[in-house]
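Welcome! Please take a look at the structure below, and then we can walk through it together in questions and answers.

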Amino acid sequence: MISDSRKVTTTCPYCGVGCGLDLHIKNDYIYRVTSDYDNVVNQGNLCVKGRFGYDYIYSERRVTVPLIRKTTQKAGQRRQAFDISEWRESSWDEALDYTADRLAEIYDRDGSDALAVYCCAKASNEDNYLLQKLFRAVFRTNNVDHCTRLCHAGSVVALQMAIGSAAMSNTASEVVESDCFIVTGSNTPENHPIIGLQMKDAVYKHGSKLIVIDPRKLELCEYAELWLPLKPGTNVPVFSAMAHVIVDENLCDTKFVSERTTGFDEFRKSLQKFTPEYAETISGVDRQLIVEAARLYARAERGAIYWGMGISQLAHGTASALGLVHLALLTGHVGRRGTGLNPLRGQNNVQGASDMGCMPYHYPGYMEVNNPDNAAIWEKAWNIQPEGLSRDKGLTTTEILGNVRPGGVRALYIMGENPMMTEPNLNATRHHMEGLEFLVAQDLFINESGAYADVFLPATSWAEKDGTFTNTDRRVQRVRKAIEPRGQVRSDWEIISDLAQRLEHRLEREKSAYWDYSGPEEIFGEMCSIVPEYAGVTYERIDKVGLQTPVPDEEHPGTPYLFEAEFPAGKAQFFPLEYVPVVEKPDDEYPFILTTGRLLEHWHGGTMTRNSQLGELYPEARVEVHPIDANRNGLDDGGAVQVSSRRGEIILRARVTEKTNPGVVFIPMHFVEAAANLLTIDALDPQAKIPEFKACAVKMQRVNEELLPNPSARLERGRW
Ligand SMILES: Nc1nc2c(c(=O)[nH]1)N[C@H]1C(S)=C(S)[C@@H](COP(=O)(O)OP(=O)(O)OC[C@H]3O[C@@H](n4cnc5c(=O)[nH]c(N)nc54)[C@H](O)[C@@H]3O)O[C@H]1N2
Ligand SMILES: Nc1nc2c(c(=O)[nH]1)N[C@H]1C(S)=C(S)[C@@H](COP(=O)(O)OP(=O)(O)OC[C@H]3O[C@@H](n4cnc5c(=O)[nH]c(N)nc54)[C@H](O)[C@@H]3O)O[C@H]1N2
Ligand code: SF4
Ligand SMILES: [Mo]
């Protein structure tokens, strides 16, 4: 360590693994990141983002002063994206008064449900708790959601239906204790790298058998005993055929099924049609592989399932996840160490933002908003008159934008999200954004969505504030202020509490909720005093090592794995499933299936990683095409190609690789100049409202190199 430097221990701002970071600081500058070998989450390991990706906080494109748009929107006029010159700098007082006035004006005129908010799975528990409190307690609306809707919504609905709890059941590092584990729809080494490392350890050092079920030939396939390369969108027949084999060959844990589940008989009947032969015709997976996978998982002493977006981001995402739940219920592979149903949560604090009630149907602690007893609890806690809070379920993120119209949603508050990159079918998303009457962006950068805002509220990064994040295995960990905030930026919670006080004053309420917090610890304390799962968590207790929720009281050591004795729903429920094909199947005109996802080096819309040195590691978008398809279409590795769907088109370079299967192409979602979401379809899962990001039909055409977009052109326009 350099002399007179200091070290601050905190939590990584990128993915849900929640690695511990030691930031080494000199002169208020982070010059190095390491991690403690004793850290329970990552044992000193970090991926490239945690170790090198923090420098976006120093980017010159970061906004450090509040901004107000110079011209206001005229009635009926549609807004457009702006360049930096179209805003002017303002004081915090002016920006917050202006925001309060405009929001209050719309609330007075059109009522509660004209307002909506996107919370932020990058921000802390404290920030998110407060923002949903503002929209519920001040505006009396449940139009509160966040990126979980685009993420594990299908898994969450399925797990709630079947067992009554949606969190990851076991601790990720327990994977080394599994005899067999399935990884499906998750590119773990790129997207949860340290869990990916633990999975490789499980195979190489502990003899666990890995089954990969994924349409792409991922790095993990090299470690797998079996790889089932299914066609996108065919999870239900593959998982159901595995269940068919397990039942047919008497590999069920009959005691577990009879004691802890209901609905088995009807479910068993529904499996008849899902023979391995039938699944093969639909999914393209060899029937023998399906049989072997079923036997391997069912015969394990401890079997676990880990899954990601390839399960939930489909118009039948809920059914896909139920298919996995069934496998665990049939075999009793849940409720013990080394087993479990493990949806790998993506963002650093998406588990936390969900726990904090940043969802349209739930208060903090998953208390349903339409249950009057729950509403009464929060009315008391927030000092609101009885029946003051809305009992109506709010709109989901995907519905919020779809309802932008006179008489619908008029104003949107976005804290740290980027729908103009991350929602499906961006041409439709743009149309909705243009129809808003008032838009607030609270972020570090003016991202593609912030470019439409009337007011920009600059927030601190994770390195400039205190708080907590809750990681994928429910571990609540400390985030610590390491450096002074850049310029005039303020913490999200500070901005929200200041705005809330201005609003309460402006709305002249008789009773007002409490907003005058001394800091994040007080906010956290308020939340923990009401949410049972967090009741025993305090900043003091998590000073060194985080605690895994539920933590019902201050003596409780936390809960590494769930459902040992029973499920929250009592008995778990089987649901007969139907196979529903993807919404848009390939045809003569659009012959390829497009699947979208991530790269190790980048983060979602790219706002953080492309403003960091990581950007140089993978500077431009590429579409992955199998050599057979490349040959047929005359595409060369590195050559320019236009990819079009019925909704849009982009031009990018080809990467000819066997990582993808014939007939399937993959485009990462990170690059605005070739935005994958211009192509994706906005079809939704009917229960979870999650879009079908993982399958739509596209065509490809070789084009002239000169048509390739310039990746740096955007940066020059002064937005992020
Ligand atoms: N580097 C990096 N890491 C990240 C993120 C990031 O942006 N960058 N984002 C974070 C977030 S929010 C999330 S949610 C996670 C997501 O992490 P993952 O779930 O790993 O995300 P994806 O890259 O979208 O890929 C999912 C996998 O699903 C497969 N797949 C596609 N269609 C199907 C199908 O029909 N069936 C099956 N079984 N598989 C299919 C794809 O081939 C791919 O391997 O990553 C987190 N970590
Ligand atoms: N095609 C396709 N689209 C997808 C997906 C896919 O697989 N394919 N995956 C979906 C999934 S799983 C997800 S989770 C979503 C993610 O979608 P989003 O959440 O919309 O995407 P991000 O780019 O992570 O946006 C995070 C924003 O938060 C800002 N930020 C970072 N830290 C802070 C902070 O402390 N405070 C504030 N106020 N702002 C902060 C960043 O600058 C950035 O602008 O994308 C979805 N979209
Ligand atoms: S694995 Fe996730 S939490 Fe760990 S360093 Fe990488 S991005 Fe950060
Ligand atoms: Mo996600």
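Q: Which residue meets the side chain of Lys-659 in a salt bridge?
A: A salt bridge here is a side-chain nitrogen of Lys or Arg within 4 Å of a carboxyl oxygen of Asp or Glu. For Lys-659 the N to O distance is 3.0 Å. The partner in this salt bridge is Glu-190.

Q: What should I know about the model and its numbering before reading on?
A: This is a predicted model, in which local features need pLDDT of at least 70 and side-chain atom pairs count only at pLDDT 80 or more, while totals for chains, interfaces and linings use all residues. Side-chain values use heavy atoms, leaving out hydrogens and water, chains are lettered from A and ligands numbered from 1 in the order in which they are written, and residues are numbered along each chain, as its sequence is written, from 1.

Q: Into which domains is the protein chain divided?
A: The bounds come from an automatic or database domain assignment. Domain 2 is written in two pieces, 67-147 + 348-530. The others are domain 1 (5-58), domain 3 (153-344) and domain 4 (592-717).

Q: How many Å² do domain 3 and domain 4 bury between them?
A: The C-alpha centres of domain 3 and domain 4 lie 28 Å apart. Their contact (heavy atoms within 4.5 Å) takes 25 residues from domain 3 and 21 residues from domain 4. Buried area is the accessible area (1.4 Å probe) that two parts lose on being put together, summed over both. With 54% of it on carbon and sulfur atoms, the area buried by domain 3 and domain 4 is about 2000 Å².

Q: Which helix gives the most to the side of domain 3 that touches domain 4?
A: The count between these two domains is two salt bridges. Helices are DSSP runs of H or I with at least four residues, strands are runs of E with at least two, and both are numbered from the N terminus. Helix 4 (153-162), helix 5 (188-191), helix 12 (309-312) and helix 13 each supply at least two residues of that side. With four residues, the one that gives the most is helix 4.

Q: Why is one side of strand 10 and of strand 13 left without a neighbour in the sheet?
A: Two strands pair if DSSP finds at least two bridges between them. The open sheet of five strands has parallel pairing and the order 10-9-8-12-13. Strand 10 (226-228) and strand 13 (340-343) stand at the edges, so each has a single partner strand.

Q: What angle does the direction of helix 13 make with that of strand 12?
A: Helix 13 (residues 317-331) packs on the sheet and touches strand 8, strand 12 and strand 13. Axes are lines fitted to C-alpha atoms, for helices over the stretch in contact, and angles run from 0 to 180 degrees between N-to-C directions. For helix 13 and strand 12 the angle is about 170 degrees.

Q: Which residue stands opposite Leu-23 in strand 3?
A: Strand 2 (residues 20-26) and strand 3 (residues 29-34) run antiparallel, joined by five bridges. In their hairpin two residues lie between the strands, and Asn-27 takes a positive phi near 50 degrees. Opposite Leu-23 stands Val-33.

Q: Which residue does a cis peptide bond join to Thr-549?
A: Most peptide bonds are trans. At the cis bond of Thr-549, omega is about -5 degrees.
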